[in-house]
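The following exercises concern one protein structure. Please work through each task before reading its solution.

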Amino acid sequence: MRMLLILTACLAVPGVTAADPRVDLNPDMPRADILAPGWDVWRVPDGRTATATFGGVKATLRAEGLTGAWWKPGLDYPARMASDGVTATSKLELAFAGLSAGPHTLATYHNALGDKTGEPLTVTVGGQSVAVTPSHRVKHDADAASAFVTFVAAADQDVVVTFTAAGTVTLNGFEIDRSDPVKRAAKPTPSDDDEHAPENPVLTWRAAKGAMAHRVFLGTDPATLQLRGESTDARFDTAGLRLDNRRPYFWRVDTVHPAGVIPGEVWRFRVRHLAFPEAEGYGRFAFGGRGGKVYEVTTLDDAGPGSLREAVEASGPRTVVFRVGGLIVLKSKLIVRHPYLTVAGQTAPGDGICLKNYTFGCSDTHDVIIRYVRIRVGDETGLTQDGSGARGSDHVIFDHCSISWSIDEGFSSREGRNLTVQRCLIAEALNIANHKKYEAGKGHSFAGSISGGVGSFHHNLLAHCTGRNWSLAGGLDRSGLKLAGQLDIRNNVVFNWQNRTTDGGVRELNFVGNFYLPGPATKTYTLLKPDPGDPERGMRAHMAGNVIDGKPSIEADNWSAYVGPADGQAKVRSADPVFEPFVKTHSAREALDSVLADVGANRPKQDAVDLRVLADVRKRGHTFTGSRGKLPGIIDTPTDAGGWPAYQSAVAPPDADHDGISDAWEKTHGLDPANPADAAAYRPDGYTHLEAYLNELARP
């Protein structure tokens with residue numbers, strides 16, 4: 001390998017601009033998972049013609065029987081552009097209006113989506129033709145077949161591109177005035193827009209065929225990237241550049257061919273950093289609101305200025321601090337839909353903060369940190385609701401939260417990715433509580449239906465829930481044939497279930513060091529019960545070190561508490577962990593002590609509900625009985641347990657500049673209590689001053 005490092009080079013080369021359209025063609029349906037990140041979206045309705053404008057260029061599709069198409073299983077891979085598109089029989093036209101006079105380039109992508117491979121097709125523009133054989137159901141956009149043509153646009157004249165084939169014509173996407181996809185670098189690592197890249201990443205890519213060398217450009221401004229080195233290998237080590245987590249980085253690889261240099265695409269990444277020092281598992285690198293706006297919650301009202309809802313429903317990086325403690329009576333669901341949010345419940349004065357009546361959680365978002373919040377939904381609205389969750393969300397961490405009195409699951413994370421739920425207390429899901437999908441009198445006291453890729457659930461307490469402790473809700477991948485999801489469930493404590501512990505299905509499972517403590521309602525003593533048919537759907541599970549108190553035979557052999565036929569167990573069972581947990585692991589008995597000592601929303605203080613639940617666990621008993629189901633410890637309505645405590649507020653510490661940090665802390669740490677900008681300034685440890693303050697409030 002030949003490498004020349006130019007750490008102080010001033011050579012700056014501009015990259016492709018946003019004015020150069022890059023368009024992903026999609027069927028006309030509202031799914032978000034068909035959209036290719038970084039591409040313009042064109043949802044094309046079925047018919048004979050469709051028109052859209054991109055970067056000032058008007059594009060028109062024309063064909064008899066223009067039809068949207070997709071290959072759903074491809075959406076499980078980085079092939080969002082190539083896994084859908086438009087099709088026509090024999091001929092398709094793509095016309096452009098508004099191109100500047102002069103030379104242009106066009107790259108078009110052709111990946112057959114049906115059961116059969118695609119017919120060779122011809123692309124014609126300006127009297128010139130190129131032939132391309134479509135790829136078939138590729139699993140990466142960079143592997144899709146492409147055609148590349150050059151043409152000259154005349155002033156005020158449309159440019160018409162014709163695609164012809166003996167059979168079906170498939171068009172997945174196109175690029176105007178960018179380099180030839182076949183001749184440029186592809187498949188970068190870190191992947192484009194990766195905001196959780198490892199420290200000192202080694203940049204790698206797929207070299208174009210015939211490449212002689214690679215010129216690596218990198219910097220913090222995509223328009224003026226600096227040449228950092230040239231290599232004959234498709235890799236570049238950034239260790240000498242000392243990249244940090246304070247800003248995003250942009251990079252490009254220009255490929256040296258015998259006939260000249262082909263510029264690459266500009267890619268982006270950011271170096272990861274722990275959400276807070278104690279963060280573990282696969283959600284541990286959630287970015288949260290780091291460096292963003294500070295929202296002060298000054299009212300317990302459901303909405304309006306100074307409300308929690310105002311902050312949660314805002315956009316952009318933001319951190320929520322509380323200047324008031326008490327009970328927030330929600331009037332509708334409170335859902336995090338915009339990324340980069342930190343909710344710091346540990347800042348609430350007095351007894352802390354609690355939410356009632358409606359769900360508080362995340363949906364289809366990313367990079368969220370929620371700490372020290374109580375969510376006690378209850379049954380006053382008459383609606384069936386989860387307590388919390390992170391459905392379809394990525395890089396989210398819930399830490400030291402207390403969730404109770406849900407009518408559906410306490411927590412749900414179907415279709416989630418890179419999640420952590422740690423040191424949370426999920427308890428007393430309401431049993432006979434008029435669940436809308438259940439007939440009258442049927443119970444539904446369920447702790448959680450969880451998934452993730454990977455979802456880490458560790459050092460939590462699940463108490464007084466009849467079932468789904470946990471339910472493995474991996475679902476199926478988009479082929480509909482194999483299970484999806486990966487879960488790491490370790491060092492949790494489960495108390496007083498009735499008839500269900502852990503069941504369901506997920507593609508990969510680590511199930512390690514959990515402590516099951518039977519209570520007065522417990523009737524079933526099992527560890528893992530896959531759904532029927534799961535052994536044929538690719539489930540693999542590693543199970544070790546789990547304990548059901550009072551069942552030494554299960555402690556000696558966890559697989560003796562597996563429910564299912566022996567041949568199914570043989571297909572599911574893995575002697576070794578199926579992936580790395582990234583959690584400091586205790587024995588099950590150590591986990592019992594650790595969890596009971598530190599779980600739930602115990603900052604600024606533990607409330608009466610959690611204290612009662614913890615006391616029940618310690619005495620292996622119950623305080624209340626369900627008024628309808630008559631099960632010990634399994635309540636049916638919050639009134640069975642005395643209802644919501646009276647949460648008292650207190651005077652919040654002075655914060656003259658409203659930057660989320662108390663004046664006293666700023667003075668102690670050499671900051672200016674009159675300068676709000678210093679809260680977002682970074683410290684040598686990679687956290688902002690505001691984060692350091694919040695982290696200190698969270699320590700025992």
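Helices (H or I, at least four residues) and strands (E, at least two) are DSSP runs, numbered from the N terminus. The model is predicted: local features need pLDDT of at least 70, side-chain atom pairs count only at pLDDT 80 or more, and totals for chains, interfaces and linings use all residues. Residues are numbered from 1 along each chain as its sequence is written, and side-chain values use heavy atoms, with hydrogens and water left out.

**Exercise 1.** Locate K437 and determine whether K437 is buried or exposed.

Solution. Step one: K437 lies in the loop between β38 (425–427) and β39 (448–450). Step two: recall that buried means under 20% relative accessible area, exposed over 50%, and partly exposed in between (1.4 Å probe, protein chains only). Step three: the relative accessible area of K437 is 67%, so K437 is exposed.

**Exercise 2.** Describe the setting of G326.

Solution. Step one: G326 belongs to strand β26 (residues 326–329). Step two: its relative accessibility is 1%, so G326 is buried. Step three: contact means heavy atoms within 4.5 Å. Neighbours within four places in sequence aside, G326 contacts L300, G352, I353, C354 and Y647. Step four: G326 and S649 are 323 residues apart along the chain, yet 5.6 Å separates their C-alpha atoms.

**Exercise 3.** Explain why helix α7 is largely enclosed by the rest of the structure.

Solution. Step one: of the 10 residues of α7 (residues 689–698), eight are buried, so the helix is largely enclosed. Step two: the buried residues are H689, L690, E691, A692, Y693, L694, N695 and A698. Step three: their cover includes β24 (293–297), β25 (318–322), β28 (341–344), β31 (366–371) and α6 (663–668).
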